[in-house]
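Let's take a walk through this structure together.

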Amino acid sequence: MRGPRLGRWLVALPMAALALATIYPLLFTGNVAMKTRHDYVLDRFSPAPSANLDNVAAAWTNAGMGRYVVNSLAVVTCAVVVLLLIGSMAGFALSHLRFRGSRVLFLGCLAALFVPFQVIMVPLARIMADARLMDTYTGLILAYVAQFLPFTIFLMTSYYATIPREIVDAARIDGNTPYGVYRRVMLPMGRPALLSVGILNALFCWNDVLIALLMMPSPEHRTLMVGVTSLRGQYADNIPVFASGVLIAALPLLVLYVFFQRQIADGVTAGSTKG
């Protein structure tokens, strides 16, 4: 038993170190957010003397974080819904419907994954300006859809390809149209992948700074992450307030992961096996 036990320890110790390295920044940020500016200047690493939430209240009200949270929630929700709708339809069509150019279309989506946003940001900004979509929520939602749609299509196509074609053929024999097969068969069977892809896209959109900064220059239209970056300059001499803004931005993602961690793991591995 000494060999297997040693092997488990050799795996457990690096994983524990990795978990500590991941959790420590969050704990440090929460500790700094509960300090006064005077306490932080005296010793930034010492525990906070009390659970002081004045900095969180100041970041929420004075710095406008509450408005930024609402902006981000609205934009991210709409973008994820559109991404899942288009991505699931395209994934079903590319995996089970045979039409001319389907292979080329899938390879085009795959190639789009390797194009960084910095390459297309200037043409995108000009197109949005010509369409009068700059500094609008609709323009930002469309920009998110354009940026993350290839990733969504790729994952949904890969997942739907693992579903046996006999199921689709049986649904067609029962009289379903392609849309009926998609709505009655593929959508229910694709829930694990839809949940996983939806959460990943929500993380991408929520954490984005560059696209939101490009599309929404007005301060009142800022998303949460852009608002957090602006806190660094506005409260450069008050790090606890800045840490409170970072904590506000991170908490929704932590809650999302805590409640859906099993579904995320199931969705990530759902398309890895055939049948």
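This is a predicted model: local features need pLDDT of at least 70, side-chain atom pairs count only at pLDDT 80 or more; totals for chains, interfaces and linings use all residues.

Residues are numbered from 1 along each chain as its sequence is written, and side-chain values use heavy atoms, with hydrogens and water left out.

Start with the largest nonpolar core, which has 57 residues. A nonpolar core here is a set of buried Ala, Val, Leu, Ile, Met, Phe, Trp, Tyr and Cys residues joined through side-chain atoms within 4.5 Å. Buried means under 20% relative accessible area, exposed means over 50%, and partly exposed is in between, using a 1.4 Å probe and protein chains only. The members that touch the most other members are M65, L140, Y144, M186 and L224. Helix α4 supplies the largest share of this core, with 12 residues. Helices, by the way, are DSSP runs of H or I with at least four residues, numbered from the N terminus. Apart from this core lies another one, of six residues, including Y40, I239, A243 and L247. In soluble globular proteins, nonpolar side chains tend to be buried together.

Now zoom in on Y144. Leaving out residues up to four places away in sequence, Y144 touches V75, A79, L83, L149, C205, D208, I211 and A212, where contact means heavy atoms within 4.5 Å. L83 turns up again among the contacts of T152, along with G87, V197 and N201, again not counting residues up to four places away in sequence. T152 sits in helix α7 and counts as buried because its relative accessibility is 0%.

Next, look at helix α5, residues 102-112. Which of its residues are buried? They are S102, F106 and C109. These cover an arc of only 60 degrees around the axis, so they lie on the same side of α5; the arc is that of the directions from the helix axis to the C-beta atoms. An α-helix has 3.6 residues a turn, so residues three or four places apart point the same way. The buried residues of α5 pack against α4 and α7, while R103 and V104 are exposed on the other side of α5.

The patch is formed by V82, L85, I86, M89 and Y179, which together have about 430 Å² of accessible area. V82 lies in helix α4 and is partly exposed because its relative accessible area is 31%.

Then find the loop between α6 (117-130) and α7 (137-160), where R132 is placed. R132 has a phi near 60 degrees, a positive value in a residue other than glycine. D135, in the loop between α6 and α7, also is not a glycine and has a positive phi of about 60 degrees. R132 is exposed because its relative accessible area is 75%, whereas D135 is partly exposed because its value is 21%.

Finally, find V255 in helix α13, residues 239-270. V255 counts as partly exposed because its relative accessibility is 44%. The C-alpha atoms of V255 and I163 are separated by 32 Å, and these residues are 92 residues apart along the chain.

Technical notes: Patches are made of residues with over 30% relative accessible area and no salt bridge: like charges are joined within 9 Å, nonpolar side chains (Val, Leu, Ile, Met, Phe, Trp, Tyr) within 5 Å. Accessible areas come from the Shrake-Rupley method with a 1.4 Å probe; for residues, only the protein chains shown count as cover. A salt bridge is a side-chain nitrogen of Lys or Arg within 4 Å of a carboxyl oxygen of Asp or Glu. Helices (H or I, at least four residues) and strands (E, at least two) are DSSP runs, numbered from the N terminus.
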